[in-house]
Amino acid sequence: MDVRLAPLDDFMLATSVLTRLPVGAAPAAEGDVAAAGWAFPLVGAGIGALSALAYFLAQALGLSIAVAALLAVGAAVAVTGAFHEDGLADTVDGFGGGRTRETKLAIMRDSRHGTFGILALVASVGLRAGALATIGDPIHAGLALIAAHAVSRGALPPLMRLLPPARPDGLGAAAGRPSVAVALIAALLGAAIGVTVLGPAAGGPAVLYAMIALAAAAILARRQIGGYTGDVLGFFQQIGEIVMLLAAAAK
C-alpha cells in the first residue's frame, strides 16, 4: 500500500534512505520508500542546511571562499555517504561505456568507477564548489544550498512515477512506484522551498532550469536503459543540484 501510519514515519524513513544519520527508522517494507517520497524535499532542505552551516563556519574561521565552498560540498557528501555521487559515477560509466542496454546495466552494477565516472565526480564537485565560491556571501550561498538540495530531491518521486524501473531488482525497483499524490506533493514542496528561499525572481527561473535539465536527463535514461535504477536516481539528484546552484550563482 502507498500509505503509512504518520507523516513522521515517512520523514524518518526518507531520512534513513537519503542520509547516513542514525534516525532509528524501522526497516522499509515493499512500497514504503515510494510512499515516503513526499518527504524527500524536506530531508533535502535539512541536508542543504547542514552544508550551509559548514560554509558559514568555514568563512567565520577565516578560511578562503574556495575552501569554504569545498567544505560545504564535502559536508553534504559526508551526511549522505556520497550516495548520490556514487549513482552519478556509475550511471555515467554505464551510459558512456556500454554499447547495449544489458552492457550498460552490467557496468552500472560494478562497484568500481571508470574514467567517465571519475570525470563526472570531478565535474560535479568542481561545478558545485565553483558556484558557491562565485556566490561568496554565506547567507545567499546557504539559501542556495537549501534550495538546491530540496528541489533536486523533490524531483525524484515524479521521475520515479513517470519512468519504469530498468531492471526488476535492485534499489530502484525495491523502492516501489510513488502514487500521483506523493509525486505531486514532492514536486510542489521542492519547488516551493526553492522559490521561497531564493525569492521568486531568482528561485522561479532556477527551478525551471532544473526541471528542464532533469527532463532531458530522464529522456536520456529512457533511451539508454529503458528507465531508472537506484544509480540513475542519484544521477538525477546531482543534475538537479548542480543546475540549481549554477542558476543561483548566475549574475
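The model is predicted; local features need pLDDT of at least 70, side-chain atom pairs count only at pLDDT 80 or more, and totals for chains, interfaces and linings use all residues. Residues are numbered from 1 along each chain as its sequence is written, and side-chain values use heavy atoms, without hydrogens and water.

**Aromatic pairs**

- Searching the whole structure gives two aromatic pairs (Phe, Tyr or Trp rings, the six-membered one for Trp, with centres within 6.5 Å; planes under 30 degrees apart are stacked, over 60 edge-to-face, the rest tilted).
- F95 and F235 form an edge-to-face pair, because their ring centres are 6.1 Å apart and their planes stand at 70°.
- F95 belongs to helix α5 (residues 83-97) and F235 to helix α13 (residues 230-249), so this pair ties together parts 140 residues apart in sequence (helices are DSSP runs of H or I, at least four residues, numbered from the N terminus).
- The F235 and F236 rings have centres 6.0 Å apart and planes at 45°, so that pair is tilted.
- F95, F235 and F236 make up one aromatic cluster.

**Burial**

- F95 is buried at 13% relative accessible area (buried is under 20%, with a 1.4 Å probe and protein chains only).
- F235 is buried at 7%, and F236 is buried at 0%.

**Largest pocket**

- The largest pocket has 30 lining residues, with F83, L171, G172, A175 and G230 nearest its centre (a pocket is an open set of points on a 1 Å grid over the protein atoms alone, where a 1.4 Å probe fits, with protein on both sides within 12 Å along at least five of seven lines; lining residues have an atom within 4 Å of a point).
- Helix α10 gives the largest share of this lining, five residues.

Key:
Helix = DSSP H or I, 4+ residues; strand = E, 2+ residues; numbered from the N terminus. Buried < 20%, exposed > 50% of the residue type's maximum accessible area, 1.4 Å probe, protein only.
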